[in-house]
Amino acid sequence: MNVFLIEDEELAVRKLTKLLLDVDPTINIVGTSASVRSAVAWLNANGPGQPSAPDLILMDIELADGQSFEIFEQTTVSAPVIFTTSYDEYALRAFKVNSIDYLLKPIKRHELEASLTKYKRTVADNGEPVEPKPSDINVMDIDALVQQLRQQIQPADYRRRFLVKHRQQWVPIEVSDIAYFYSEEGVSLFRTHSNQKYSLDYPLDELEKMLDPTQFFRANRQYIVQINTIQQIHPYFNNKLKLVLKPAADDEVLVSRERAADFKKWMGK
């Protein structure tokens, strides 16, 4: 089986090559590329019918001169692709939807073996592709994969600042300066790390969608907290969690029982 590696880290190429040959000594590494430009040139010179035409491509997403998605826009990729990437599994749901496999770095041997087995199930004894099962690699879906994954991993357009009214003037406040948002008697407010309080015209439900979920968490119906403002976490009655914030909140800030597991996972990322 001819395998083409697209990876911009030399150490990663060496490790992946060794791992591939350990799993299947018959694999022939026909080429490697570290950039979009060199990968496109290599694929154009080694298309179907050429002795070095790849049967399978292992492709990193972030390359020296851009993202590997650009390769699909500049040339025809005829072989199945297994992506190797550092993106988390949430961002990689598109792979499963489109039945293209992926390996999350650092690559583990048993995961590589499973991916190669999945690939081999799509090839008949004579080397011709067979109708893939729902769980198999489906080369025909690569365009849909590229579009969906691009949308999922590109930086989301979260709010960077809010313009708030303070006394007789409007003041821009950077989101990075905000410790937490909260609701008080139907009014949305936020407190900054310097303990300044401002009101907003957005309800918390809308604010939650505007904020980067890696930085802010909806603890309960009344509070959205920023990760760096959490000083202490205490077990509380009925499997809730009690948060100690800085600056201190006027009320107890409790993470609801339903959200406690998600909160712990968020804090541990």
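**Labels and their cut-offs**

Analyst: Let's start with α1, where Ala12, Val13, Leu16, Leu19 and Leu20 are buried. Buried means under 20% relative accessible area, exposed means over 50%, and partly exposed is anything in between, with a 1.4 Å probe and protein chains only. Keep in mind that this is a predicted model, where local features need pLDDT of at least 70 and side-chain atom pairs count only at pLDDT 80 or more, while totals for chains, interfaces and linings use all residues. Residues are numbered from 1 along each chain as its sequence is written, and side-chain values use heavy atoms, leaving out hydrogens and water.

User: How do you know that the buried residues of α1 line one face of the helix, and what is the arc?

Analyst: Seen down the axis of α1, the buried residues fall within an arc of 135 degrees, so they line one face. The arc is taken from the directions from the helix axis to the C-beta atoms. The face turned away from that buried side carries the exposed residues Glu10, Lys15 and Lys18. The buried residues of α1 pack against β1 (2-6), β2 (28-33), β3 (56-60) and α5 (109-120), contact being heavy atoms within 4.5 Å.

User: What makes α1 a helix, and how far does it reach?

Analyst: Helices are DSSP runs of H or I with at least four residues, strands are runs of E with at least two, and both are numbered from the N terminus. α1 covers residues 10-23, which is 14 residues, and reaches 20 Å from its first C-alpha to its last, close to the 20 Å expected at 1.5 Å a residue. The expected span is 1.5 Å times one less than the number of residues.

User: Why do Asp22 and Lys18 count as a salt bridge?

Analyst: The rule asks for a side-chain nitrogen of Lys or Arg within 4 Å of a carboxyl oxygen of Asp or Glu. For Asp22 and Lys18 the closest N and O atoms are 3.0 Å apart, so the pair passes the rule. Both lie in α1, 4 residues apart, about one turn of the helix. Asp22 is partly exposed at 36%, whereas Lys18 is exposed at 54%. By this rule the count comes to 9 salt bridges.

User: What makes the aromatic pair of Phe190 and Tyr198 stacked, edge-to-face or tilted?

Analyst: The structure holds 13 aromatic pairs. In this one, the rings are 5.4 Å centre to centre with 35 degrees between the planes, which is tilted. Rings of Phe, Tyr and Trp (its six-membered ring) pair if their centres lie within 6.5 Å; planes under 30 degrees apart count as stacked, over 60 as edge-to-face and the rest as tilted.
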